[in-house]
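Please go through the structure below with this report at hand. The headings mark the topics.

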Amino acid sequence: MKKPASLLGNKNKFLILGCGYSGSFFAKTVRKFGCSVLTSSRSICSDPNSFVFDSENYMVPDENTFDGVTHILSCIPPDKNGKDPVLRSLKNKLKSLPLEWVGYLSTTGVYGDTKGAWVSEIDEPNPFQRRSHKRLNCEKEWIESGLPVQIFRLPGIYGPGRSTFEAIKNKKIRVIYKKNQIFSRIHVADITNAIIYLLQNKNSLKFYQVINIADDEPCSQIEVIQYCYNLLGLTMPKPILFKDAQEELSPIAKSFWMENRRVSNKLLCETLGYKLIYKNYKIGLKNCYLKS
Ligand SMILES: NC(=O)c1ccc[n+]([C@@H]2O[C@H](COP(=O)([O-])OP(=O)(O)OC[C@H]3O[C@@H](n4cnc5c(N)ncnc54)[C@H](OP(=O)(O)O)[C@@H]3O)[C@@H](O)[C@H]2O)c1
C-alpha cells in the first residue's frame, strides 16, 4: 500500500482493544504509517506498547494509556451476557476523549441464514444463532454510544498462520460435503487495508456506519480444502456427508453449517472504491502457502 499523503501519520494515536489475530495485523500495519499504537491483551506481556484490559476481571487501562488517543479499534467479541466488554468498562472514558474515529469488528453472522442468497448492508439483520443476537446487540450499543463509530461486518477470517493449511498440518481437517452450502471469507490483510483505505479517504468518501468486508467469491468449503491439498501436492481425503459428520462436530463447528449466505462487498468495493488485495480464496491461500 502507498504511504498516505495525509490523515494517517504520527499525529494519530491508535488504541487496539483486543489485539488478537486481526488486531495484531492492523497494529503492525498502521505503525508503518508512523502512527503510534497501543494494544490491549488480557494478560501482562513484556511489549511496552501493550497494556492490560480484561473486562471480566475489571482490569482497565490506567489514565495515561488514553493520552492523545485519536482512533480506537475494538476487536473484542460480546461478553457472555451479550454486552459489549469495551462499552461496559470504558464507555464514559471513551466519550470524554476527542476521538476522530472508532472502528468495531463485528460479524456477518448478524444476517442469519439467507439460504445461499446474497446479503448486503441494506438488508435487515436477522440473527439465528444466540451469539449473533448478542453481536447485534453490541452493534446497537456502539451505535447508541454516540461515539464516531464505524462497524465492519466480517465473514470467516483467514490469513498466514490461520488457514486451511494449519488445519491440514495439525490433522484437524474434516472434509464435509453439504449440498449448495456456501461460505464467505476475508483475508486478514484486506480487513486492515480496507479500514486504512476508508480512513485515508475519510474526507472525500461518504460515511457509512456499517460496512461488510468480504471477498468477491463466496464458495463451498470443499473447494477451498481441495485447492490447499492441490497446492501441497497431497490427496484430499474422501468427503463425508454433513448428515453423517454432524454428530461428531462441536456445537460451534456445527452452528456454522446451519447458515448459508453470500456476503456482498459492493458497498465497499464498488460504491466506496476499495480494491481487494485477495479477491478470492485462491489468491489469498497462495499468500498463506508462501508464508507458511
Ligand atoms: N475469527 C473469525 O473468523 C471471525 C469472523 C467474523 C468476525 N470475527 C470477530 O472479529 C473480531 C476479531 O476477530 P479475531 O479472530 O481477530 O479475534 P481474536 O484473535 O479472537 O482476538 C480477540 C481479542 O479480544 C480479546 N478479548 C476477548 N474477550 C475480552 C474481554 N472480556 N476483555 C478484554 N479483551 C478481551 C482477546 O484478548 P487476549 O489477547 O488476551 O486473548 C483477543 O485479543 C472478534 O470480535 C471476532 O469475534 C471473527
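## Strands 4 and 5

Leu-73 stands opposite Gly-103 in strand 5. Strand 4 and strand 5 run parallel and are joined by four bridges. Two strands count as paired if DSSP finds at least two bridges between them. Helices (H or I, at least four residues) and strands (E, at least two) are DSSP runs, numbered from the N terminus.

This is a predicted model: local features need pLDDT of at least 70, side-chain atom pairs count only at pLDDT 80 or more, and totals for chains, interfaces and linings use all residues. Residues are numbered from 1 along each chain as its sequence is written.

Strand 5 is mostly covered, with six of its seven residues buried. A residue is buried if 20 or more other C-beta atoms lie within 10 Å of its own, exposed if 12 or fewer, and partly exposed in between, with C-beta atoms placed from the backbone.

Seven strands form an open sheet with parallel pairing, in the order 3-2-1-4-5-7-11. Its edges are strand 3 (50–52) and strand 11 (210–212), each of which pairs on one side only. From one strand to the next, the twist averages 20°. Axes here are lines fitted to C-alpha atoms, for helices over the stretch in contact, and angles run from 0 to 180 degrees between N-to-C directions.

## Strand 7 and its partners

On one side, strand 7 (residues 149–154) pairs with strand 5 (residues 101–107). The pairing is parallel and spans six bridges. Gly-103 stands opposite Gln-150 in strand 7. Ser-106 stands opposite Arg-153 in that strand. Strand 7 also runs parallel to strand 11, joined to it by three bridges. There, Phe-152 has Ile-211 of strand 11 as its bridge partner.

How buried is strand 7? Six of its six residues are buried, so the strand is largely enclosed by the rest of the structure. Val-149, Ile-151 and Arg-153 point one way. Gln-150, Phe-152 and Leu-154 point the other way, and all are buried.

## Helix 1

Helix 1 has 12 residues. From first C-alpha to last it reaches 18 Å, close to the 16 Å expected at 1.5 Å a residue. The expected span is 1.5 Å times one less than the number of residues. Just after the helix, Gly-34 takes a positive phi of about 90°.

The buried residues of helix 1 are Ser-22, Gly-23, Phe-25, Phe-26, Ala-27 and Val-30. An α-helix has 3.6 residues a turn, so residues three or four places apart point the same way. The cover over the buried residues of helix 1 includes strand 1 (13–17), strand 2 (36–41), strand 4 (71–74), strand 5, strand 8 and helix 5 (188–200). Two residues are in contact if their C-beta atoms, placed from the backbone, lie within 7 Å.

## Around the ligand

The shell around the ligand holds 23 residues, of which Gly-18, Gly-20, Tyr-21, Ser-22 and Arg-42 come nearest. Helix 1 (21–32), strand 5 and strand 8 (156–158) are the elements that give two or more residues to the shell. The largest share, three residues, comes from helix 1.

By type, the shell divides into 10 nonpolar, nine polar and four charged residues. Ala, Val, Leu, Ile, Met, Phe, Trp, Tyr, Cys and Pro count as nonpolar, Asp, Glu, Lys and Arg as charged, and the others, Gly among them, as polar.

## Leu-198

Leu-198 is found in helix 5. With 21 C-beta neighbours inside 10 Å, Leu-198 counts as buried. Leu-198 touches Leu-205 and Leu-272, leaving out residues up to four places away in sequence. Leu-198 and Ile-72 are 126 residues apart in sequence and 14 Å apart in space, C-alpha to C-alpha.

## Positive phi in two loops

Most residues other than glycine have a negative phi, and most peptide bonds are trans. Tyr-58 has a positive phi, near 55°. Tyr-58 sits in the loop between strand 3 and strand 4. It counts as exposed, because it has 7 C-beta neighbours inside 10 Å.

Asn-180 also has a positive phi, near 65°. Its place is the loop between strand 9 (176–177) and strand 10 (185–187). Asn-180 has 8 C-beta neighbours inside 10 Å, so it counts as exposed.

Conventions:
A residue is near a molecule or strand if its C-beta atom, placed from the backbone, lies within 6 Å of it.
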